[in-house]
Amino acid sequence: MGSKMTAKKTMDEYLPKNAVIEEILQETADSKTLTLRPIDKGSTILKYRPGQFMMVSLPGYGEAPFTFASLASRDGRFQISVRKVGSFTNALHALKERDIVGLRGPYGNTFPLSKIENKNILFIAGGCGIAPLRPLIQHVFKNRKEHGRIEIIYGCRAPRDIFYKNEIESWRNNPDTAVHLTVDEPDQSWDGTCGVVCVLLPKIKLVPKNAFVFLCGPGIMIKLAIQDILKLGFKEGNIYASLERHMKCGVGKCGHCYVKGKYVCTDGPNFSYSEMKKMGIDS
Amino acid sequence: MNKLFITHEDLKTFVEALKKTCDEFIGPSRQHLNDIAFGDVKNDGEILLNYDGNTILSPRTFLLPQTETLFEIKGSIGGKVSSIEDKKSRIFYGVRPCDTLALSLMRRFFLEGIVDRPYQDKMENATFITLACAKPCSERSFCREIGSGPVAKKGFDIQLVAINRGYLVESGSKKGGAILRKYKKLFIVSTPSDIKESKRILKDFAKEAKPINYKRLAGIMRDDLVKESVWDDIGLRCVICSGCITVCPTCSCFSVTDRMNGTSGVRVRYCDGCPYAGFTRMAGGAMPKPDHKDHIRRFFEHKLNVDVERYGVPSCVGCGRCIETCPGNISIRKFIDDAMASVKK
């Protein structure tokens, strides 16, 4: 044994740590929700807070960013939701329970949890855009007394595309809470609202002054919804969107997600509308 | 500063001695079609101790190679992954001041915040010997105007300035100082006339050059005041050959992919960049900025606006390589003039 201290070894941020898929739920026709449990020693993944994301790795298929879609359970499990859109997500969909995936993270910023205490909160989600907001929604319901009125607007293409159906119904049971759903293409079973999320905005009974808004969904939804909620009197600095960009590293190096000096992976993915304006983007 | 002096003959001895202390000695040599390019002259090729012009590529190619293995994968699902470390010691000789500045910007980029382990590995074991420029390397370079040359201000371990009877030598780091002390027999103290001569050479370098007010330029770009016609012209000229991002000493973007052979393989990263449409295309096909001119705009804004705000200096170091290589005659130097002159209301 040498007497000299060896230089402190830098952690290799690019090395994924394993997690096991404990449960797979078919969410919609093209989406699954996976329940994961980290199994590697030294995994930092469970330190995440609502709003953050991780890189999911599959040998032979590479990596892609996924948002945490739930709070972590006490026994150290959490969920991600995966829509089948390309070769990587196809490979993820082909996995079975007990299969292993690699994870890196958590990465990115968190939603402003302390700022929203005692405030009214409006959530606006479109399609699988409900997934990044779900940990925050679970957080505010878990700490229900510490938040004001809560309203959730959720729009999907069709009733069969609605994520987390049972859980959404259970959200309605919280006090001083309203959940509004809308679909573009109703089927016979649907007796709710039709149209884009903006058509639900007149229904909200929450005082916009000092309230917070959290949005996630397709770019066009974010853009149009922000235009409309600004007219209702919500403040630019209190409107947060969880943005999606192409990413390869998650740690601010690969350059793909860079927008005018900000890295969506390290400075975001959650930006206030005032920040978005400085970056010259609206979604 | 009290500079040292070394004769051309002793510099040869110095370089030969240094070659024995490292795994790779990266220096300039004449290559195919008379190009000057960096290569491992310890093991192949004949080093140019002094040369006119600049190397076709910067030392970036050794620190962020075109493709680089991040780690090994053994077994497909649930397989083991293990880092591949590059602990080779390298001495870079004859690095130009523009590339020296580029290296210090790249070092900050990769080592600040979350550390990029593969880059750090290589930088920890690298020594940089800069060779100041006696005359402009090409009519396309503009180091004097952007403030990166003809002498490096920092970022080197040792810097050489060629004068008539040999070279002035200065150290720029503890590592450089230690090397100079180790070989102190080869160096003598420079004379006042040596210093005077070097000052004259550097003064004569690009006499007409006027410094670019890059802070004003950054402001113009930040406030989106560059005329749309300037961007339109650039968009039309670009043929997406990616030459600019390949030769740029400060381009750092990459993509990641797995190369498998059965159930074992490697995860590699490879240089990628903003001119490509696929660079920002997301799963599902959505693209935040579909217009091609906006892809090149991203390149220019990063170098000339964002990095001025982040590092205080532009990350375009004025080497002129992208101008030299562009088949559509896009010139970042011309863009700077156009942007400063054509501010829209």
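1. Asp224(B) counts as exposed because 11 other C-beta atoms lie within 10 Å of its own, where a residue is called exposed if that number is 12 or fewer, buried if it is 20 or more, and partly exposed in between, with C-beta atoms placed from the backbone. Asp224(B) sits in the loop between α8 (214–222) and α9 (228–237) of chain B, and it has a positive phi of about 60° although it is not a glycine. Helices such as these are DSSP runs (H or I, at least four residues), while strands are runs of E with at least two residues, and both are numbered from the N terminus.

2. Before going further, please keep in mind that this is a predicted model, in which local features need pLDDT of at least 70 and side-chain atom pairs count only at pLDDT 80 or more, whereas totals for chains, interfaces and linings use all residues. Residues are numbered from 1 along each chain as its sequence is written, and chains are lettered from A, with ligands numbered from 1, in the order in which they are written.

3. On confidence, the mean pLDDT of chain A (the predictor's confidence in each residue, from 0 to 100) is 93, and 96% of the residues of chain A reach 70 or more. Residues 1–8 of chain A have a pLDDT below 50, and beyond near neighbours in sequence this stretch has zero contacts in the model, where two residues are in contact if their C-beta atoms, placed from the backbone, lie within 7 Å.

4. Is Asn34(B) buried or exposed? Asn34(B) is exposed, because it has 6 other C-beta atoms within 10 Å.

5. The bond from Gly105(A) to Pro106(A) is cis, with omega near 0°, and Pro106(A) is placed in strand β6 of chain A. The bond from Gly268(A) to Pro269(A) is also cis, with omega near 10°, and Pro269(A) belongs to the loop between β14 and β15 of chain A.

6. Gly268(A) is in the loop between β14 (262–263) and β15 (270–272) of chain A, and it counts as buried because 25 other C-beta atoms lie within 10 Å. Which residues does Gly268(A) contact, if neighbours within four places in sequence are left aside? They are Gly108(A), Asn109(A), Leu243(A) and Lys262(A).

7. Chain B has 13 helices and twelve strands, and 40% of its 345 residues are buried. A compact globule of 345 residues would have a radius of gyration near 20 Å, so the 22 Å of chain B agrees with that expectation; the radius is taken over C-alpha atoms, and the globule rule is 2.2 Å times the number of residues to the power 0.38. Of the contacts in chain B with a separation of 6 or more, 70% are between residues 24 or more positions apart.

8. The domain assignment, which is automatic or taken from a database, divides chain B into domain 1 (4–70 + 85–204) and domain 2 (214–341). In chain B, 27 residues of domain 1 are in contact with 23 residues of domain 2. On the side of domain 1 of chain B that touches domain 2 of chain B, α3(B) gives the most, with eight residues.

9. Between the chains, 38 residues of chain B are in contact with 35 residues of chain A. On the side of chain B that touches chain A, β11(B) gives the most, with six residues. By class, this side has 18 nonpolar, twelve polar and eight charged residues, where Ala, Val, Leu, Ile, Met, Phe, Trp, Tyr, Cys and Pro count as nonpolar, Asp, Glu, Lys and Arg as charged, and the others, Gly among them, as polar.

10. Not counting residues up to four places away in sequence, Ile129(B) touches several residues, including Ile91(B), Phe92(B), Phe156(B) and Leu160(B). In soluble globular proteins, nonpolar side chains tend to be buried together.
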